[in-house]
Amino acid sequence: MISLNIQLKLIVFSFIFGFLFSIILDYFNNKIKKQSIVIQIILSFLLIGFMAYMYFLGIQKIGYAIFHIYSVLSIIIGFFSYDFIIARIANKTKK
């Protein structure tokens, strides 16, 4: 059984990772818009592979590479929270 302290660290790390992944993906997509579709696909696979590698290094350091469903949920919530925050900021600047 995994300790509560490690579970909390994994959830927080996964949330932050999802948030940062959304930021990086948004920036990345803006930078490669002008490239050909083949280059975009190759660079996207490289980015996703690199980010997955970084995530698994992080959970290995924190929780001995134990991966739970709440980690996936935390990543998803972090990912979409960035989009939600950006949408809220955009709506406030329009007014």
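Reader: Which element gives the most to the nonpolar patch?

Author: That's α1, with 7 residues. Keep in mind that this is a predicted model.

Reader: What makes up the patch, and how big is its area?

Author: The area is about 880 Å², and the residues are Leu8, Val12, Phe15, Ile16, Leu20, Ile23, Ile24, Ile69, Leu73 and Ile77. Two or more residues come from each of α1 (4–31) and α3 (69–94).

Reader: Take isoleucine 69. Why does isoleucine 69 count as exposed?

Author: Its relative accessibility is 62%. Exposed means over 50%, so isoleucine 69 gets that word. You'll find isoleucine 69 in helix α3.

Reader: And why is isoleucine 16 called partly exposed?

Author: Isoleucine 16 has a relative accessible area of 43%. Buried is under 20% and exposed is over 50%, with partly exposed in between, so isoleucine 16 lands in that middle class. Isoleucine 16 belongs to helix α1.

Reader: How far is isoleucine 16 from phenylalanine 56?

Author: In sequence they're 40 residues apart; in space it's 14 Å, C-alpha to C-alpha.

Reader: Now for the inside. What makes up the largest nonpolar core?

Author: It has 12 residues in all, among them Ile2, Phe17, Leu47, Tyr55 and Ile75. Members of such a core must be buried, with side-chain atoms joined within 4.5 Å. The elements giving two or more residues here are α1 and α2 (37–63), and α1 gives the most, with 5.

Reader: What is leucine 47 in contact with, leaving aside neighbours within four places in sequence?

Author: Leucine 47 touches Ile24, Leu25 and Phe28; contact takes heavy atoms within 4.5 Å.

Key: Residues are numbered from 1 along each chain as its sequence is written. This is a predicted model: local features need pLDDT of at least 70, side-chain atom pairs count only at pLDDT 80 or more; totals for chains, interfaces and linings use all residues. Side-chain values use heavy atoms; hydrogens and water are left out. Patches are made of residues with over 30% relative accessible area and no salt bridge: like charges are joined within 9 Å, nonpolar side chains (Val, Leu, Ile, Met, Phe, Trp, Tyr) within 5 Å. Accessible areas come from the Shrake-Rupley method with a 1.4 Å probe; for residues, only the protein chains shown count as cover. A salt bridge is a side-chain nitrogen of Lys or Arg within 4 Å of a carboxyl oxygen of Asp or Glu. Helices (H or I, at least four residues) and strands (E, at least two) are DSSP runs, numbered from the N terminus. Buried means under 20% relative accessible area, exposed over 50%, partly exposed in between (1.4 Å probe, protein chains only).
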